[in-house]
Number of protein chains: 2
Amino acid sequence: MAKKTHKELMELAIIEARKTMNKDLGGPFGALVINDKNEIISVASNTVLGDNDPTAHAEINAIRKATKKLGTHDLSGCTLYTTAYPCPMCLGAIIWSNIKKVYYGCIESDADEIGFRDDFIYKFIENKRKDISILDLEEKERSTCLKLFKEYKDKNKPLY
Amino acid sequence: MAKKTHKELMELAIIEARKTMNKDLGGPFGALVINDKNEIISVASNTVLGDNDPTAHAEINAIRKATKKLGTHDLSGCTLYTTAYPCPMCLGAIIWSNIKKVYYGCIESDADEIGFRDDFIYKFIENKRKDISILDLEEKERSTCLKLFKEYKDKNKPLY
C-alpha cells in the first residue's frame, strides 16, 4: 500500500472530527496515531461533551485508543497527527506516551480566532503557575505523602 | 458528619495509591475530588501500567471518575487533593475541568528524589517547546484543517 501523505492523514482526522462535532459531542478536533511503518493505529476526535469527560480531547483519545490496541502504555516510534496545536494536557500525554513527532494543522491563533482560549494554560505554566485566578495550588501534608514515596522507592519499580 | 481534615483526605488518597502500587499497576500517586460540601466524589490512583494507558495518572483518573459520576464535564466548585504536585498533563486536565483549588502533598523535588523526572515537561513548555530531543512539533496542512475550524465557527457551538 502506498504511503499515505500528510494531507491524506490529516483529512482522516478531519473526517473523524466532523462525526462528533456534527452530533454536538465535542469541538472541531481530530487526531490519529501511526506507527513507524506508516500504519494507522488509531483515529479519534474530541468527545468532551458526549463523554462528560474534560480530558477527552482528540489527542488523548487517540493515544488511549492506540495504547489499548497495542497493549502497552508505550508508543515509542509512533507519530501523532492532530488538526490543531495540542494544549498542555495533550502535550503532556504525548510526551508520556513516548511519541516524539507531532504534525499539527491549525496553529494556536487559529483556535483563538474561533473562540478557543487554550493558550491561557500555556501562559499559566510559563508564568510558573502563580495566577490563582486560574488555579490555586497549595502544599499540604507533604510529610504524610512522603511516606508513600519512600515505600515506592524501596520497591525499586518502574517509574510511571 | 464532621468535615474531613486535609490529613484525612490525603490519607484516603494514599490508601488508594497503595492498592495499585502494590499490585504493580502504577506509580505511588493518589488523588481525590471533593465537592463544595466537602463530600468525596471520587478517589483514584495511578494505573498507567495496569491499564496500558499513559494518561492514567491519579489526577486524570480522579477527574474522569468524578465527571462520569456527576454526568458533566464541569467540576466547578470542586477541589482536588493529590499526593504529589501535578504534572503538566494533569494540570491541564484540572484546569479544563474547572477545578480551581488543588492541595498537593509531595513537591516536585520529592518526585525527583525517588527517580521521577516529571519536571522536564514543565521545562520543555517554559522553553517554548523548542527542544526537539523531547518532542518535535511541526505544522502541516494548516489550510486543510482551517476548513474544519470554519465549519465549527459557523455552527456557533460551545467551546470545549
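This is a predicted model: local features need pLDDT of at least 70, side-chain atom pairs count only at pLDDT 80 or more; totals for chains, interfaces and linings use all residues.
Two strands are taken to pair if DSSP finds at least two bridges between them.

Some of the pairings can be followed in detail. Within chain B, strand 3 and strand 4 run parallel and are joined by 5 bridges; here Leu80(B) stands opposite Val102(B) of strand 4. Between the chains, strand 4 (residues 101-106) of chain A runs parallel to strand 5 of chain B, with 4 bridges joining them. One residue to look for there is Lys101(A), whose bridge partner in strand 5 of chain B is Asp136(B). As a general point, strands of a sheet pair through backbone hydrogen bonds, either parallel or antiparallel.

Now for the contact between the chains as a whole. On chain B, 74 residues are in contact with 74 residues of chain A. Elements giving two or more residues to this side of chain B include helix 1 (6-21), helix 2 (58-70), helix 5 (119-126) and strand 5 (136-139). The largest share comes from helix 6 of chain B, with 9 residues. Sorted by class, the side of chain B that touches chain A has 40 nonpolar, 15 polar and 19 charged residues.

Helix 3 of each chain also takes part in a helix pair. Helix 3 (residues 88-96) of chain A packs against helix 3 of chain B at an angle of about 150 degrees, and their axes are 7 Å apart. Because angles over 145 degrees count as roughly antiparallel, helix 3 of chain A is roughly antiparallel to helix 3 of chain B. The crossing of these two helices is left-handed. From chain A, the contact is made by Pro88(A), Met89(A), Leu91(A), Gly92(A), Ala93(A) and Trp96(A), and from chain B by Pro88(B), Met89(B), Leu91(B), Gly92(B), Ala93(B) and Trp96(B).

How values were computed. Residues are numbered from 1 along each chain as its sequence is written. Chains are lettered from A and ligands numbered from 1 in the order in which they are written. Two residues are in contact if their C-beta atoms, placed from the backbone, lie within 7 Å. Ala, Val, Leu, Ile, Met, Phe, Trp, Tyr, Cys and Pro count as nonpolar, Asp, Glu, Lys and Arg as charged, and the others, Gly among them, as polar. Axes are lines fitted to C-alpha atoms, for helices over the stretch in contact, and angles run from 0 to 180 degrees between N-to-C directions. Angles under 35 degrees count as roughly parallel, over 145 as roughly antiparallel, 65 to 115 as roughly perpendicular and the rest as oblique. A crossing is left-handed if the near helix is turned anticlockwise from the far one by less than a right angle, and right-handed if clockwise.
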